[in-house]
There are 2 protein chains.
Amino acid sequence: MIFMTHLECARCGQTHSADRAANRCTTCAGPLLVRYDLAAAQRSWDRDSLRDRPASLWRYREVLPLRDDRHRVSLGEGMTPLLPLPRMGAILGLHDLWLKDEGLLPTGTFKARGAAMGISRAAELGLRAVAMPTNGNAGAAWAAYGARAGLAVALCMPVDAPAAAVSAAAAAGARVWLVRGLISDAGAMISRAAERYGWFDAATLREPYRVEGKKTIGYEIAEQGDWQLPGAILCPTGGGVGIIGVYKALQEMTALGWIRRPWPRLVAVQPAGCAPIVRAFAAGRAESEFWANAHTIQQGTRVPKAVGDFLVLQAVRATGGTAVAVTDADALAGWQSLAQQEGISVCPEGAALVAAAGQLRADGFLGQDERVVLLNTGSGSKYPDLLPLALPVLDAGAEIGAAPAGGREEAGYGEC
Amino acid sequence: MIFMTHLECARCGQTHSADRAANRCTTCAGPLLVRYDLAAAQRSWDRDSLRDRPASLWRYREVLPLRDDRHRVSLGEGMTPLLPLPRMGAILGLHDLWLKDEGLLPTGTFKARGAAMGISRAAELGLRAVAMPTNGNAGAAWAAYGARAGLAVALCMPVDAPAAAVSAAAAAGARVWLVRGLISDAGAMISRAAERYGWFDAATLREPYRVEGKKTIGYEIAEQGDWQLPGAILCPTGGGVGIIGVYKALQEMTALGWIRRPWPRLVAVQPAGCAPIVRAFAAGRAESEFWANAHTIQQGTRVPKAVGDFLVLQAVRATGGTAVAVTDADALAGWQSLAQQEGISVCPEGAALVAAAGQLRADGFLGQDERVVLLNTGSGSKYPDLLPLALPVLDAGAEIGAAPAGGREEAGYGEC
């Protein structure tokens with residue numbers, strides 16, 4: 001059963017058809033969101049029916065925008081683990097701390113959710129080439145799903161994007177241009193090129209479907225908690241589609257009668273070197289201003305001005321959430337702590353959440369016993385250079401005896 | 001319900017207790033395998049009961065070796081996707097070709113399965129420090145699960161191990177020594193150090209439990225095929241635990257009455273630069289000989305002499321399988337082809353399977369309509385340098401116009 005009815009402008013409310021390719025509202029240029037007949041869905045679809053379905057984001061089929069399953073483009077995405085963090089939580093003073101590990105998705109980041117849905121719909125709508133600016137990981141994901149669908153993908157990304165993402169995108173056959181600049185520069189260049197060459201501009205919130213993929217994070221968190229919601233969800237926020245998607249899921253699941261208020265407080269976490277939404281939140285503004293001279297190792301959230309900033313701010317305020325900036329030094333400390341305490345290797349943007357959780361516990365925003373979920377958006381394996389290593393190198397046959405730097409001290413290394 | 005009864009030497013059949021830490025058979029030094037009371041399990045456990053269980057390898061709880069679930073150490077491992085490869089299959093002349101994508105496991109490789117079980121049992125048996133030689137990925141996995149459990153992990157690996165694996169292991173707090181040599185050198189060094197310092201030697205098939213984690217691959221393939229088995233499964237083979245585990249799963253599932261013969265033919269795939277099992281198979285030998293001067297980019301299968309070589313050869317012969325060597329050039333071509341045709345980025349060892357499948361189709365071993373599964377053992381994201389890139393770098397504000405090298409030609413790039 002398909003319940004998608006139309007697209008709706010998130011800014012002015014104008015209705016648009018969902019059955020032809022659309023970028024932004026033709027009236028006000030606002031982002032378009034997919035709407036469903038949730039009342040009809042509620043009558044024929046029960047959350048208990050999920051139990052028998054495969055562990056992928058496609059289990060939420062009734063609230064996904066595809067018309068025909070034959071257009072589904074899949075690399076095995078979704079139902080990522082929700083892991084308890086007992087040791088990390090004890091250190092932070094948060095006794096019910098969890099991490100949703102999106103690093104286990106295809107291409108290693110949560111971008112796979114948006115790409116799966118965006119490329120599936122692009123294929124269904126008969127598009128042949130999609131283009132976008134990217135900080136790296138979205139490009140790698142769209143390139144992979146594009147290859148899977150046989151669609152051409154054109155990408156422009158900062159020259160300092162993570163090597164693993166650049167390499168993966170190019171290997172999948174995407175056209176990749178690097179730019180000496182930021183994603184905002186890449187966005188302007190792609191926008192012009194898309195118009196000239198007839199590519200579909202699939203930049204963040206310039207196409208309606210990637211949000212639909214990302215929102216499944218919210219559905220999964222609710223289902224994995226047996227429909228009991230956490231008190232807060234912390235989300236790395238660059239373009240903002242993660243938090244916008246989770247908020248949309250909360251709205252839809254409430255309409256479906258699956259969950260009730262109070263909703264989790266949604267917390268936008270940004271790098272201190274590029275925190276336009278944190279600044280706008282603090283100033284009580286409805287939109288952010290362009291952040292000059294953005295600089296951070298949290299590259300995925302290095303977005304000086306997000307098209308969907310107003311939606312992020314709405315989601316944060318409507319849920320009683322907040323917005324927090326984290327320095328790169330604090331993110332790195334969180335990264336190392338999470339690896340050593342829990343064995344989880346996260347991306348720099350996910351690492352920032354650890355520091356943010358500590359700040360929010362310290363200032364009383366988070367209670368020690370409430371359930372808090374960190375949305376880790378990607379795997380740390382793409383960032384092998386975050387930690388400087390000085391490991392001993394031995395000749396074959398040498399005796400292992402001296403202790404290399406680092407490592408846990410508390411247990412069992414013999415003489416080391 | 002726990003059905004584990006004892007350990008059994010895979011070489012001489014000697015029985016050992018499963019309730020204290022054990023390395024190898026005290027009679028003949030052979031590897032120990034875990035045995036269960038499968039007749040009792042069959043009476044109380046139905047495969048249909050799996051339907052309601054979480055999508056992790058722990059769904060096969062009754063045939064896993066843990067005594068007490070409180071000792072379970074988990075990072076969200078298991079039930080990796082089984083993906084159809086329609087385009088790749090058409091090129092190879094294999095019309096029912098699939099890929100089991102183990103790159104979506106924690107730490108990015110199938111080593112997570114073995115580490116989850118090995119570390120869980122190590123914790124249950126009260127061990128405080130485990131040590132092993134590794135080509136990189138097993139070390140990263142055991143370091144991560146060790147951190148999760150609070151166990152100390154000591155690793156020795158070749159100095160040219162993948163940077164992402166070395167970095168991940170060290171970040172998780174493991175002690176890491178690099179050696180100018182091969183895993184065989186590392187193994188001898190770890191073995192001596194383990195004895196000196198009282199570490200538990202958890203090298204491949206020197207501890208009984210990692211096979212139990214790996215065997216869940218076989219259970220998953222059977223369940224994902226609705227208990228209809230593929231005609232062949234191609235496995236990268238270094239230490240051999242993957243193929244040994246899948247074979248053990250076939251034996252157990254048959255005893256449980258869940259599947260019937262004919263079993264899939266198991267195919268061991270090795271690098272041409274280190275193919276001791278291929279050589280032994282061709283020569284009709286029961287064991288392999290040490291491969292001198294091993295050299296390959298397929299580092300995970302660069303194992304000159306595997307402790308479990310005789311078990312691999314038994315599994316291959318008992319199922320009517322075979323053993324195939326793949327050159328690095330052919331593996332690279334397979335890697336690129338899979339990325340471009342299907343959007344899947346695999347590890348070099350997984351890439352070799354594409355070439356192996358092509359060889360086996362060409363020589364008639366594989367039929368064009370039979371179901372063939374490639375067991376991709378890890379994510380390609382740890383290998384960003386496999387493909388040399390020459391991408392255009394533009395200044396901010398420049399026009400996108402010239403076509404960079406590479407990319408798909410068939411569709412929609414405008415002027416490019």
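Contact here means heavy atoms within 4.5 Å. This is a predicted model, where local features need pLDDT of at least 70 and side-chain atom pairs count only at pLDDT 80 or more, while totals for chains, interfaces and linings use all residues. Residues are numbered from 1 along each chain as its sequence is written, chains are lettered from A in the order in which they are written, and side-chain values use heavy atoms, with hydrogens and water left out.

Q: How many residues does the contact take from chain B?
A: Both chains put residues into this contact. Chain A gives 90 residues, and the number from chain B is 90.

Q: What is the area buried between chain B and chain A?
A: Buried area is the accessible area (1.4 Å probe) that two parts lose on being put together, summed over both. Carbon and sulfur atoms give 55% of it here. R148(B), R175(B) and I400(B) supply 11% of what chain B buries against chain A, more than any other three residues. The total comes to about 7,600 Å².

Q: Why does the salt bridge of R192(A) and E399(B) join two chains?
A: The closest N and O atoms of R192(A) and E399(B) are 3.0 Å apart. E399(B) sits in the segment after β14 (393–395) of chain B, and R192(A) is in helix α6 (residues 183–197) of chain A, so the pair joins two chains. Helices (H or I, at least four residues) and strands (E, at least two) are DSSP runs, numbered from the N terminus. The element that holds R192(A) is helix α6 of chain A.

Q: What is the bridge partner of D395(A) in β8(B)?
A: Two strands pair if DSSP finds at least two bridges between them. Strand β14 (residues 393–395) of chain A and strand β8 (residues 175–180) of chain B run parallel, joined by three bridges. For D395(A), the partner in β8(B) is R180(B).

Q: Where is P262(A)?
A: A cis peptide bond joins R261(A) and P262(A), with omega about 5 degrees. Most peptide bonds are trans. The place of P262(A) is the loop between α9 (241–255) and β11 (265–271) of chain A.

Q: With which side chain does the side chain of D96(A) make a polar contact?
A: D96(A) lies in the loop between α2 (86–92) and β5 (97–101) of chain A. Leaving out residues up to four places away in sequence, D96(A) touches Q368(A), D369(A), E370(A), R371(A) and V372(A). A polar contact is a pair of N or O atoms within 3.5 Å; within protein, one must be able to donate a hydrogen and the other to accept it, and residues adjacent in sequence count only if both atoms are side-chain atoms. At 3.1 Å, the partner is R371(A).

Technical notes: Salt bridge = Lys/Arg side-chain N within 4 Å of Asp/Glu carboxyl O.
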